[in-house]
Amino acid sequence: MSSFSSNAVLAKVRSMYSKHLSESDYDELLKRRTISDLTAYLKNETAYGEILSQVKETNIHREQLEALLNEEAFMRLAKLMRYASKKDLEFYRLGILELEMHLIMIKIRLMEAQSTLSYDLKIPDYLVRYASFHLYGLLSVNTYDELLRLIRSTEYYHIFESFRSKDGEKINLNLLERALRREHYSEYIRIIKKLFKGKKQKDLLTMIYTVIELQNITKIYRLKKYFNAPSEDIKNTLLLEYSRIPLSVLNEMIEAKDATEFLNMLAASPYKLYVDDNDFVFIEYYTGNIKYHLAKRFMRFSTDSPLVYMTYKFVQSIEIDNLKHIIEGLRYGQSADKIEDMLIY
């Protein structure tokens with residue numbers, strides 16, 4: 001049964017990936033200058049046709065299109081989960097838990113704002129039946145204690161409970177987010193080591209550790225570039241325990257006097273292998289490009305279904321981000337060339 005499940009996942013991923021957006025698709029999408037024209041191409045010429053089949057491209061707005069793209073991304077992964085063996089299902093469900101935590105954090109930020117915002121959290125209907133708690137309950141939550149009662153049965157309840165405000169103090173949302181990321185990746189690593197052995201385990205851990213390292217690199221750069229943050233504050237946002245870059249080297253990067261010096265250090269690191277002749281656009285592009293090409297390589301050549309599933313998740317996420325960059329570029333009237341600079345494919 002396990003072998004059948006693995007082959008089914010592999011076949012399904014190969015089929016889905018064969019329909020990914022090609023270079024010619026991106027060329028056509030970049031020619032579109034309105035959301036309506038963009039939607040029409042996606043609807044009639046790509047694998048996004050089914051999710052867009054019920055919309056009228058002449059009436060669709062940016063937020064609606066992005067929501068449908070998010071739904072399509074989730075439903076593709078949900079289809080793959082149906083083929084997973086019972087033994088591996090614990091691994092496949094980690095992506096759903098990540099989405100749940102993300103929604104809870106949005107709700108907490110809305111409550112912390114204590115403003116008269118005219119909107120509340122938007123619950124993705126497609127996620128409800130997969131969630132580990134009653135997602136719609138988030139809409140009626142008004143206090144942190146009410147939130148804790150709602151999520152009491154979840155696997156990550158203890159993290160939110162540990163940040164419960166004492167004596168009316170404000171919650172440190174940055175530290176809470178770091179604690180959630182640490183919990184999320186610790187759980188990934190624990191389950192990978194529990195379920196998989198040998199090369200399969202090694203490749204899965206390589207992907208996870210690379211993602212963590214790239215997130216650390218992104219945070220160091222952004223905090224230096226845009227906030228001139230002190231070294232100690234930068235360290236408090238990072239997940240240093242999973243870094244393969246020697247801690248001494250990472251500390252030197254954190255202590256760099258500014259973003260330019262940090263980039264010079266980065267160019268001398270193992271990641272220099274991924275630097276090409278293009279101009280440096282922005283740090284998310286640089287790190288996203290590394291993750292994309294590593295994931296694509298694993299996905300194309302691996303025969304391990306959990307690794308192929310994970311890497312397809314990353315590759316698909318970047319494709320959705322590409323489409324959102326195009327949508328955002330159209331919103332602000334950016335040229336096709338400027339939008340293209342932000343795309344990874």
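Predicted model: local features only at pLDDT ≥ 70, side-chain atom pairs only at ≥ 80, totals over all residues.

Biologist: Which residues gather in the patch of negative charge on the surface?

Modeller: Glu-23, Asp-27, Asp-337, Glu-340 and Asp-341. Helix H2 (23-31) and helix H17 (336-340) are the elements that give two or more residues to that negative patch. Patch members have over 30% relative accessible area and no salt bridge, with like charges joined within 9 Å. Areas come from Shrake-Rupley with a 1.4 Å probe, and for residues only the protein chains shown count as cover. A salt bridge is a side-chain nitrogen of Lys or Arg within 4 Å of a carboxyl oxygen of Asp or Glu. Helices are DSSP runs (H or I, at least four residues), numbered from the N terminus.

Biologist: Where does Asp-27 lie, and why does it count as partly exposed?

Modeller: Asp-27 lies in helix H2. It counts as partly exposed because its relative accessibility is 36%; buried means under 20%, exposed over 50%, and partly exposed is in between.

Biologist: And which residues gather in the positive patch?

Modeller: Lys-19, Lys-79, Arg-82 and Arg-129 gather there on the surface. Arg-82 is in the loop between helix H4 (62-81) and helix H5 (89-92), and at 57% relative accessibility it counts as exposed.

Biologist: Switching topic: is Ile-320 buried or exposed?

Modeller: Ile-320 is buried, with a relative accessible area of 4%. You'll find Ile-320 in helix H16 (residues 305-331).

Biologist: What does Ile-320 touch?

Modeller: Leaving out residues up to four places away in sequence, Ile-320 touches Tyr-48, Leu-69, Asn-70 and Ala-73. A contact means heavy atoms within 4.5 Å.

Biologist: How many residues apart in sequence are Ile-320 and Leu-69?

Modeller: They are 251 residues apart in sequence, yet 6.7 Å apart in space, C-alpha to C-alpha.

Biologist: Last one, His-184: where is it found, and what does it touch?

Modeller: His-184 is in helix H10 (residues 173-195) and counts as buried at 8% relative accessibility. His-184 touches Leu-94, Glu-98 and Met-101, again not counting residues up to four places away in sequence.

Terms used: Residues numbered from 1 in each chain as written. Heavy atoms only, no water. Patch = residues over 30% accessible without salt bridge, like charges linked within 9 Å, V, L, I, M, F, W, Y side chains within 5 Å. Lys, Arg positive; Asp, Glu negative; His and termini not counted. Charge placed at Lys NZ, Arg CZ, Asp CG, Glu CD. Buried < 20%, exposed > 50% of the residue type's maximum accessible area, 1.4 Å probe, protein only.
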